[in-house]
Amino acid sequence: MSATPGAGVRLAPEARLPGAAPATHRPNRWEDMTGFRRLAALLLAMLALLVGVTACATRPHSEAPAPADDPASAFPVKVELPGQPPVTVAQQPKRIISLSPTATETLYAIGAGDQVIAVDQYSNFPAEAPRTDLSGFTVDAAAVGAHTPDLVIAPDSAAKLADGLKVVNVPTLLTPSPATLDDAYKQIEVLGQATGHTKQAAELVDRMRSEIDEIVRTTPRPAQPLNYFHEVSPDYYTATSQSFVGNVYNLFGLHNIADPAGGNFPQLSEEHIVQANPNLIFLSDVKCCQVNAAAVAARPGWNTLDAVQHGRVVELDDDIASRWGPRVVELVRAIGGGVAKAQNG
């Protein structure tokens, strides 16, 4: 204890009780000694109490939980993503550059945001991310190196950048687009290992799994499977069931009208879409291209589509629909809402 017992305490005068000695009474020597002894005993007792409190504060308790492991003690670590070379991170990074919007969202979600010093121009979430004019598609090693990073995270298309940074001993983790939710979960876990946030990453993955499972489980299913069209751009580029976003739609047992075209992101003809007559239309070009339900209904021939006639055109958030980070839960929720709406009418 840092405070001295009794310091700053003012003792109030005793109340006059019946039979109490007059104010002019002077105590005899025995009364002096008794008061002294009582005071000494009180001081000794308080000293013993102070010693006991100090001992309790400093004595180790076997029942107390052990302190959490210092993330720095887990390094160096070797991390690896499917199809990419392994990357060794010598020590917990303190100056991270993210050139992937999905990675940026993930870093902040797992508690590594304070370690991020720069992100690319498309990393618009969260708002506090330090955006720059860097790009994961056109940036060179010199531009990135000027920020003196100790870890760079970039799309798997940035292999040339990784080679350039390797020369100056800056580890670069390349993040490929996942094919499934399990691939996305793996990527979150690897980012946790690379940044010293393994536990937080695992907890995030557990929450995502639980929330997605709950959404899918509680979404009512129609008697007959529904077909859908997912619009990537106004010129009818789309995503098939083989893509990551297509795998998300598969959770609800939906049929994709683009699957006969093959590949991951084919371009469909307007005639194909109208003939397929989708029950649901999902738009992921709302912010980029100002496409909405009204604009879709105004397209020649589209007012005859089942999705348009029954108000089943779902406007998605472009960013959420194109990323595979923590907010994929919101994508699942939006799709589930569209499926539920179809079931109800």
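Tutor: Two strands pair if DSSP finds at least two bridges between them, and the strands themselves (E, at least two residues), like the helices (H or I, at least four), are DSSP runs numbered from the N terminus. The structure above is a predicted model, in which local features need pLDDT of at least 70 and side-chain atom pairs count only at pLDDT 80 or more, while totals for chains, interfaces and linings use all residues. Residues are numbered from 1 along each chain as its sequence is written, and side-chain values use heavy atoms, with hydrogens and water left out.

Student: How do you know that β3 and β5 pair?

Tutor: Three bridges join these two parallel strands, and because the rule asks for at least two, they count as a pair. Ile-96 stands opposite Leu-151 in β5. The open sheet to which they belong has four strands in the order β4-β3-β5-β6, with parallel pairing.

Student: What makes β4 and β6 edge strands?

Tutor: Each of β4 and β6 (172–175) has a single partner strand, so one side of each is left without a neighbour in the sheet. Neighbouring strands here are turned by 20° against each other on average, direction ignored, where axes are lines fitted to C-alpha atoms, for helices over the stretch in contact, and angles in general run from 0 to 180 degrees between N-to-C directions. On that scale helix α4 (residues 159–167), which lies across β5 and β6, runs at about 170° to β6, and α5, lying across β3, β5 and β6, also runs at about 170° to β6.

Student: Which strands form the other open sheet, and which are at its edges?

Tutor: Its order is β8-β7-β9-β10, again with parallel pairing, and β8 (255–256) and β10 (313–315) are the edge strands, each pairing on one side only. Strand β9 (residues 280–283) and β10 have three bridges between them, and Ile-281 stands opposite Val-313 in β10.

Student: Why is helix α2 called largely enclosed?

Tutor: Eight of its nine residues are buried, so the rest of the structure largely encloses α2; buried means under 20% relative accessible area, exposed over 50%, and partly exposed in between, with a 1.4 Å probe and protein chains only. Glu-105 and Tyr-108 are among the buried residues, and their cover, judged by contact (heavy atoms within 4.5 Å), includes β3 (96–98), β4 (116–119), β5 (151–155) and α5 (181–195).

Student: What makes Glu-105 and Arg-323 a salt bridge?

Tutor: A salt bridge is a side-chain nitrogen of Lys or Arg within 4 Å of a carboxyl oxygen of Asp or Glu, and because the closest N and O atoms of this pair are 2.7 Å apart, the pair qualifies. Glu-105 is in helix α2 (residues 101–109) and Arg-323 in the loop between α12 (318–322) and α13 (328–344), 218 residues apart, and both are buried. Glu-105 also meets Arg-327 at 2.7 Å, N to O, and this pair ties together parts 222 residues apart in sequence, since Arg-327 lies in that loop between α12 and α13. By this rule the count comes to 10 salt bridges.
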